[in-house]
There are 2 protein chains.
Amino acid sequence: MPATPSPNQNHLLAALPSAEFELLAPHLELVALPLGEMLYEPDRQLQHAYFPTTAIISLLHVMESGASAESAGVGNEGVVGVSLFMGGETTTSSAVVQTAGHAYRLDRRWLMQEFNRSGLLQRLLLRYTQALMTQMSQTAACNRHHSVEQQLCRWLLLTQDRVAQRELVITQELIAGMLGVRREGVTEAAGNLQRAGCISYRRGHIAVLDRAGLESRSCECYALVKKELARLLSDVRYRQEATAAGR
Amino acid sequence: MPATPSPNQNHLLAALPSAEFELLAPHLELVALPLGEMLYEPDRQLQHAYFPTTAIISLLHVMESGASAESAGVGNEGVVGVSLFMGGETTTSSAVVQTAGHAYRLDRRWLMQEFNRSGLLQRLLLRYTQALMTQMSQTAACNRHHSVEQQLCRWLLLTQDRVAQRELVITQELIAGMLGVRREGVTEAAGNLQRAGCISYRRGHIAVLDRAGLESRSCECYALVKKELARLLSDVRYRQEATAAGR
DNA sequence: CTGCGTATGTGCGCTGCCGCACATACAGGC
DNA sequence: GCCTGTATGTGCGGCAGCGCACATACGCAG
């Protein structure tokens, strides 16, 4: 957790060659993202793409009934707002800050200009977008077939991968909203994990004690999504090793 | 169902201006897709993109347990194999022919050449890909919150939109595989729909009798996905009105 | 027409999750 | 150090969907 935030904490930005990065750098704006902030919602025109460094954003769907479900999460491995360069401009989902932190944002016009000009940036963003699709479609299958406890494990692991910290700051209520289940269901599953020594928690804080334990209790979806993300971004070279090496 | 298949039956191909289309046309190969054929599976390098005309393809995930679930379907409104131009080359899902029919296939090299050369084709394919993402993420939420009957209605409506025929040729067993539920669950839901006069079926054939009825029993996901697809491909102009006008 | 393979119908007990209604206990602000 | 809002624990009945075991019936191949 460096005192001075750097765009290089975001894997996509860090993967750009210096020449390309220098063109974008002047237009990158560091913003603080408080918990719960909505970066976009259905039908609202997106103005910026967000490259998270320490923040985590959930892409979630809110149904007519009020129920919600996360289709994917975005941390320092990715970017929020792919619909800008995909051409749709808006989406049917919302993007909500799930873990407070920072992100660099880029005005859509600069993003588009570089996307159309630079084959490398385009290639990078499209490959990331495919990883995002993998996450979404795997979540669809996971929601159908796996238990709350398995999904909680998956969610905790994916989230921890993005913050590189032992302790996550989030309430069970919020997790329930992401997974699309009852808060009580999360309480029960978390209780099991705590008794098993995998995690420990207190009022809004969850510490991961035993990653291997979580992995074995998780469904296959965690490993699959993680592997696919690694594959799709594996051949990119990092400009600096600052935030590279990844976990 | 014209006796002579034409690439224009596929909305994406039909949306290309003549100049662009003429470049691709020599490389489009008409192929018959029998029920159950697997166009690709996890980790297998894709050789062709498929533009369905009368066939429908399911993108589905098969879990370790053997259970499966569809994350999206592709008919004449789209293309199978977006991972080719997204840069991933492979996916974690499979593509299986759900309704036998025809498609035009295009070798990856020609596809990539035109994708990189023509801004219009690129724009078209990327916008379609965003529609596909909408379908995937909506399916994730739908799988979490909606009943088997609601999902069956959604599935029937989406499928019928793609074939423009009253009668679908598919067994309840296969539908169950797509939705990721038990075959008996589909039998029960289909029985309800039949008693309500929305559909009628016999051994592998389902006829839609009352679309409005299905829509009212369906979850919001059907209308949302359909609307978003229409929006994303609305500004494209069709070269010929043959297959345009949409349903 | 007959037979067989396959598609559909139906009934069972079981389980995981829901919706609700609380009880408890933590943590920051005064 | 107390108070209060909020986070977590727990127990209930209910139900949708599961897994299994069959019964039935359609329709094509012979």
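Predicted model: local features only at pLDDT ≥ 70, side-chain atom pairs only at ≥ 80, totals over all residues.
Residues are numbered from 1 along each chain as its sequence is written, chains are lettered from A in the order in which they are written, and side-chain values use heavy atoms, with hydrogens and water left out.

**Where chain A meets chain B**

- A trio to look for is A:Met86, A:Met133 and A:Arg144, which supply 18% of the area that chain A buries against chain B, more than any other three residues.
- On each side, 47 residues join in: 47 of chain A are in contact with 47 of chain B (contact means heavy atoms within 4.5 Å).
- H5(A) gives the largest share of chain A's side, 18 residues (helices are DSSP runs of H or I with at least four residues, strands are runs of E with at least two, and both are numbered from the N terminus).
- Sorted by class, that side has 19 nonpolar, 21 polar and seven charged residues (Ala, Val, Leu, Ile, Met, Phe, Trp, Tyr, Cys and Pro count as nonpolar, Asp, Glu, Lys and Arg as charged, and the others, Gly among them, as polar).

**Inside chain A: two domains**

- Chain A splits into domain 1 (7-141) and domain 2 (147-218), with bounds from an automatic or database domain assignment.
- The C-alpha centres of these two domains of chain A lie 24 Å apart.
- Their contact takes 16 residues from domain 1 of chain A and ten from domain 2 of chain A.
- Together, the two domains of chain A bury about 1,000 Å², 54% of it on carbon and sulfur atoms.
- A:Ile56, A:Glu70 and A:Gln98 supply 41% of the area that domain 1 of chain A buries against domain 2, more than any other three residues.

**A salt bridge between the domains**

- The count between domain 1 and domain 2 of chain A is one salt bridge.
- A:Glu77 also forms a salt bridge with A:Arg162, and their closest N and O atoms are 2.8 Å apart.

Conventions
Buried area = accessible area lost by both parts, 1.4 Å probe. Salt bridge = Lys/Arg side-chain N within 4 Å of Asp/Glu carboxyl O.
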